[in-house]
Amino acid sequence: MNVHLKYMRRCLELARLGAGTVSPNPMVGSVIVLDDKIIGEGWHKQYGQAHAEVNAIESVKDIALLSRSTIYVNLEPCAHFGKTPPCAQLIIKSKIKRVVVGMLDPNPLVAGKGIELLREAGVEVICPVLELECANLNKRFLCYIKNKRPYVILKWAQTANGYLSPDANKMSAEQFEQERHITGFLIQKLVHKWRTQEDAIMVATNTALTDNPALNARAWEGRAPARILLDQHLRLPKTLKLFDNSQVTFVINGIQEKLDGQTVYVKVDFAGNWFEEMLNRLYEYKIQSIVIEGGATFLNFLIDENLWDEAIVFYAPKNISDGIKAPAISGKIIQTETVDQMNLIQYQNV
């Protein structure tokens, strides 16, 4: 195995540890190697705190070894003062003579400036290494920087015969509650883990009214995502869990702009391209990713209008006799696995 590939893969492993805590920054890991041995490593742990390169350098017990070492990092070291000083300057100050970089940082504040600064100081820079893997890890960040909008993920579970859920209008509330859960507790835990790693979770009006979801991450330890509720006419009752003021909640509507505790009312023009306008507004709030969990009409609208980046679909082995049909999705299959007897397929919009 190419030595650079080995250590860049370790950078990616470390970087993933920052999922859910560093947004809107990218996930970054760093490894310091001397004589084919790791002598220091670190990752960006929290937005606003030390970057991966800083943590890696500070982890080295004997700083005299740095001048003979190579530092690996999956994203170009920054060259500007933000919430922390520039990492490229720290690398130069630490007398590290070789830097191996996974990919360039598309952020205009960096965008090659970090590598340029290093090379001007006489530091050898090797770039790119595992560029596609590095880009895939930070696809949300890349979308946020390049497209100036959040990365849009659709998610749902469906039965083997193609239904999202039974139809609440065709049965009692008690029967609906008994039959509506397609997935079990293990899948719920997995979904809640994912929620802690994304910036926001969104549902439309009918789903909020029928399911009364909390959209939190109660089954997994971690941060609660922001909640986004589509309620064009502000007709939903304030008794719903989404209005419990327990976490930041954006209400996308066509009537008012208002701040009510942690509930943010965002007005958009539904006569125009309201979804794009919503994404632009959420970008201003530094929302880097959105998982849209329904309902069927909303999911179909997004698929038909090609307004999605990725879709995650659970296919359950159970059948129901009648109900709400699941959306038809097509795209590049990028991952398949079996979880709790369910097939999980991840699609990418291409």
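User: What does "buried" mean for a residue here?
Analyst: A buried residue has under 20% relative accessible area. Keep in mind that this is a predicted model.

User: OK, and what share of the protein chain is buried?
Analyst: Of the 350 residues in the chain, 51% are buried.

User: Where do the nonpolar ones go?
Analyst: The largest nonpolar core holds 40 residues, and Met8, Tyr72 and Val99 have the most contacts inside it. Helix α1, residues 3-15, gives this core its largest share, six residues. Apart from that core lies another one of 36 residues, including Phe250, Ile303, Trp308 and Val313.

User: Back to Met8, which residues is it in contact with, leaving aside neighbours within four places in sequence?
Analyst: Met8 is in contact with Tyr72, Val73 and Asn74, with Val100, Val101 and Gly102, and also with Val129, Leu130 and Cys134.

User: New topic. How many helices and strands are there?
Analyst: The protein chain has eleven helices and 17 strands. Its radius of gyration is 23 Å, close to the 20 Å that the globule rule gives for 350 residues, so the chain is as compact as a globular protein of that length.

User: And what box do the C-alpha atoms fill?
Analyst: Taken along the principal axes, roughly 75 × 45 × 35 Å.

User: What about the surface and charges?
Analyst: The accessible surface is about 16,700 Å², with 49% of that belonging to carbon and sulfur atoms. As for charges, there are 39 positive and 38 negative side chains, and the centres of the two sets lie 4 Å apart.

How values were computed. Residues numbered from 1 in each chain as written. Predicted model: local features only at pLDDT ≥ 70, side-chain atom pairs only at ≥ 80, totals over all residues. Heavy atoms only, no water. Core = buried A, V, L, I, M, F, W, Y, C linked by side-chain atoms within 4.5 Å. Buried < 20%, exposed > 50% of the residue type's maximum accessible area, 1.4 Å probe, protein only. Helix = DSSP H or I, 4+ residues; strand = E, 2+ residues; numbered from the N terminus. Contact = heavy atoms within 4.5 Å. Rg over C-alpha atoms; globule rule 2.2 N^0.38 Å. Areas by Shrake-Rupley, 256 points an atom, 1.4 Å probe, with all protein chains shown as cover. Lys, Arg positive; Asp, Glu negative; His and termini not counted. Charge placed at Lys NZ, Arg CZ, Asp CG, Glu CD.
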